[in-house]
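Here's a quick briefing for anyone meeting this structure for the first time. Have a look around it, then read on.

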Amino acid sequence: RTFSRAAHLAARLCASDDFELAVEPEANIVCFRHRPRGATDLDAHQQRVRANVVRRGRFYLVQTRLPERGVFLRVTVINPRTEEADLDALLEEIRQVACLPG
């Protein structure tokens with residue numbers, strides 16, 4: 001179930017023009033970044049987005065640095081009760097906090 005939810009999140013990321021999927025997930029971990037139109041420093045943007053999401057307290061994200069690609073956000077779907085709607089809500093949360101100061 002968690003692998004299926006990760007695949008759902010990856011598909012939603014690929015279908016969105018403001019997100020970038022790092023790699024197709026093989027398990028329950030999804031690595032991606034938010035790419036808003038006009039963003040110049042994507043690493044700083046990911047760090048700010050993560051801080052704002054965590055500060056709000058509804059979702060938890062970690063970040064990672066991929067060699068030669070920069071900072072990405074990472075979600076590990078662990079809870080078997082996670083629904084597709086929860087992951088869709090995460091993407092909306094990211095969009096909402098993207099414009100807030102870090």
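Predicted model: local features only at pLDDT ≥ 70, side-chain atom pairs only at ≥ 80, totals over all residues.

**H1 and H3**
- Helix H1 covers residues 2-15, and it packs with H3 at an angle of about 40 degrees, the two axes being 10 Å apart.
- The crossing of H1 past H3 is right-handed.
- On the H1 side, the contact is made by Arg 5, His 8, Leu 9, Arg 12 and Leu 13, while H3 brings Glu 84, Leu 87, Asp 88 and Leu 91.
- Sorted by class, that H1 and H3 contact has 4 nonpolar, 1 polar and 4 charged residues.

**H2 and H3**
- Helix H2, residues 42-56, packs with H3 too, at an angle of about 115 degrees and with the axes 9 Å apart.
- That's why H2 and H3 count as roughly perpendicular to each other.
- H2 also makes a right-handed crossing as it passes H3.
- Here Val 49, Asn 52, Val 53 and Arg 56 of H2 meet Glu 93, Ile 94, Gln 96 and Val 97 of H3.
- The residues in this H2 and H3 contact split into 4 nonpolar, 2 polar and 2 charged.

**The largest pocket**
- How much space lies in the largest pocket? About 280 Å³.
- Its lining takes in 14 residues, and nearest the centre are Phe 59, Tyr 60, Val 75, Thr 76 and Val 77.
- Strand S4 (70-76) and helix H3 (84-97) are the elements giving two or more residues to that lining.
- By class, the lining of the largest pocket has 9 nonpolar, 3 polar and 2 charged residues.

Conventions. Residues numbered from 1 in each chain as written. Heavy atoms only, no water. 1 Å grid on protein atoms, 1.4 Å probe; cavity = no way out; pocket = protein on both sides within 12 Å on 5 of 7 lines; lining within 4 Å. Points joined across faces, edges and corners; volume = space filled by probe spheres on them. Helix = DSSP H or I, 4+ residues; strand = E, 2+ residues; numbered from the N terminus. Nonpolar A, V, L, I, M, F, W, Y, C, P; charged D, E, K, R; others polar. Axes fitted to C-alpha atoms, helices over the stretch in contact; angles between N-to-C directions. Parallel < 35°, antiparallel > 145°, perpendicular 65-115°, else oblique. Left-handed = near helix turned anticlockwise from the far one by under 90°. Contact = heavy atoms within 4.5 Å.
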